[in-house]
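Subject: Two-chain model, for your files

Dear colleague,

Here is the structure I promised to pass on. My notes on what was found in it follow directly below.

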Amino acid sequence: WDDDEEVAAEDMVDDTDGLDPEAEYAAWKLRELKRLKRDREAIEQREKEIEEVQRRRNLTQAEREAEDREYLEKQKEEKEDGRGKAG
Amino acid sequence: MTHRADASSALDNRGYAGPLIRGANPITLIETAVRDRITESLYWKEQCFGLNAATLLDRAVDLSYIGGTYGVGMRPTPFLCLAFKLLTLTPEKEIVLEYLNMGGEEWKYLRALAAFYVRLTFEPVDIYTTLEPFLTDARKLRRRRKEGYVLMHMDEFIDELLTKDRSCATSLWKLPGRQQLEDLDMLEERVSPLQAELDELDEMEQDQDGDPRNGSESGASPLVRSSSSEG
């Protein structure tokens, strides 16, 4: 069964170019725009992170700790909520 | 080094004296298990024996699909065998660029093969500058999967090589991100041919909102920046 069994041409995907140039161009355009969007979002995400780091650095020690505590409590609450639902 | 018709000098693990890619024998860029499957395959033994950088083209123009391994037996595709052959030959950069540009214009599978080789062997900055122009190549490529074939496009394959860490049964060595190289001033920002159109769209949106988006202006994303430089 694992022998050299040539696949019939109709089972293969058609890779002929230029059958419908307009549609092919439109499809490419869509792919390119998606890539640009993805790259742009990655940059924005990174900038957001840098901004957040800067903001945290500018806080005082006490402020940072307060923020952490708040975050931890929120996390704990969510965890407990989730447990309630599952049971 | 004397030229050998077979790849025995590259595959000899008692000692290797050929050219290095990033300090290692280039064939190690292909995983060991896949490497063994390649050298045991019929295509390798029958079609790749004694090829050089010129005669390899005869095989490359006959390629009809890309891919890594296929079937239950995980047999290597001719595409992967030829990529492996290229790694044992390590042709000069000019030759590879010739495959990619001139040859690739006519034979799309040759371009795909050269692009794969470029991703494995070139330096990071060169990989981006060499491969990115082909993100505009919308030609169709047939790709052999484990079972059956799928359709993809050259630009998708190039994008995969630039962003993914695995392609064609091969783990691609870690390429630094484009953004990272831009920050180090090693790479210019990529300008897509659609950039102008995109900027127009952006401006239209902004006009409609009547909101100058003062928040994002300080963020200075490159897309916003280039639109302001145009106006």
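I begin with Leu100(B), which is buried because 22 other C-beta atoms lie within 10 Å of its own; a residue counts as buried if 20 or more other C-beta atoms lie within 10 Å, as exposed if 12 or fewer do, and as partly exposed in between, with C-beta atoms placed from the backbone. The model is predicted, so local features need pLDDT of at least 70 and side-chain atom pairs count only at pLDDT 80 or more, whereas totals for chains, interfaces and linings use all residues. Residues are numbered from 1 along each chain as its sequence is written, and chains are lettered from A and ligands numbered from 1 in the order in which they are written.

Leu100(B) belongs to helix α6 of chain B, where helices (H or I, at least four residues) and strands (E, at least two) are DSSP runs numbered from the N terminus. Leaving aside its neighbours within four places in sequence, Leu100(B) is in contact with Arg111(B), Ala114(B), Ala115(B) and Val118(B), contact meaning that the C-beta atoms of two residues, placed from the backbone, lie within 7 Å. Leu100(B) and Tyr117(B) are 17 residues apart along the chain, and their C-alpha atoms are separated by 9.9 Å.

The buried residues of α6(B) are Val96(B), Tyr99(B), Leu100(B) and Gly104(B), and they pack against α7 (108–121) of chain B. A kink of about 30° in α6(B) is centred on Tyr99(B), the bend at a residue being the angle between axes fitted to the seven residues ending there and the seven starting there. The end C-alpha atoms of this helix (residues 93–106) are 20 Å apart, which agrees with the 20 Å that its 14 residues should span at 1.5 Å a residue; the expected span is 1.5 Å times one less than the number of residues.

Helix α7(B) also packs with helix α9 (residues 154–163) of chain B, at an angle of about 10° and with the axes 10 Å apart; axes here are lines fitted to C-alpha atoms, for helices over the stretch in contact, and angles run from 0 to 180 degrees between N-to-C directions. The two helices are therefore roughly parallel to each other, since angles under 35 degrees count as roughly parallel, over 145 as roughly antiparallel, 65 to 115 as roughly perpendicular and the rest as oblique. On the α7(B) side the contact involves Lys108(B), Arg111(B), Ala112(B), Ala115(B), Phe116(B) and Arg119(B), which meet Met154(B), Phe157(B), Ile158(B) and Leu161(B) in α9(B). By class, the residues of this contact divide into 7 nonpolar, no polar and 3 charged, where Ala, Val, Leu, Ile, Met, Phe, Trp, Tyr, Cys and Pro count as nonpolar, Asp, Glu, Lys and Arg as charged, and the others, Gly among them, as polar.

Helix α5(B) is largely enclosed by the rest of the structure, because 11 of its 12 residues are buried. Its buried residues, which include Phe79(B), Cys81(B) and Lys85(B), pack against α2 (32–40), α3, α4, β1 (66–67), β3 (75–76) and α7 of chain B. The helix (residues 78–89) should span 16 Å at 1.5 Å a residue, and its end C-alpha atoms are 16 Å apart, which agrees.

Thr90(B), which follows α5(B) and lies in the loop between α5 and α6 of chain B, has a positive phi of about 35° although it is not a glycine, and with 20 C-beta neighbours inside 10 Å it counts as buried. Asp185(B), in the loop between α10 (178–183) and α11 (195–209) of chain B, likewise is not a glycine and has a positive phi, of about 60°, but Asp185(B) is exposed, with 7 other C-beta atoms within 10 Å.

Chain A has 2 helices and 0 strands, and buried residues make up 1% of its 87 residues. Between the chains, 19 residues of chain A are in contact with 24 residues of chain B, and the side of chain A that touches chain B has 7 nonpolar, no polar and 12 charged residues.

With best regards
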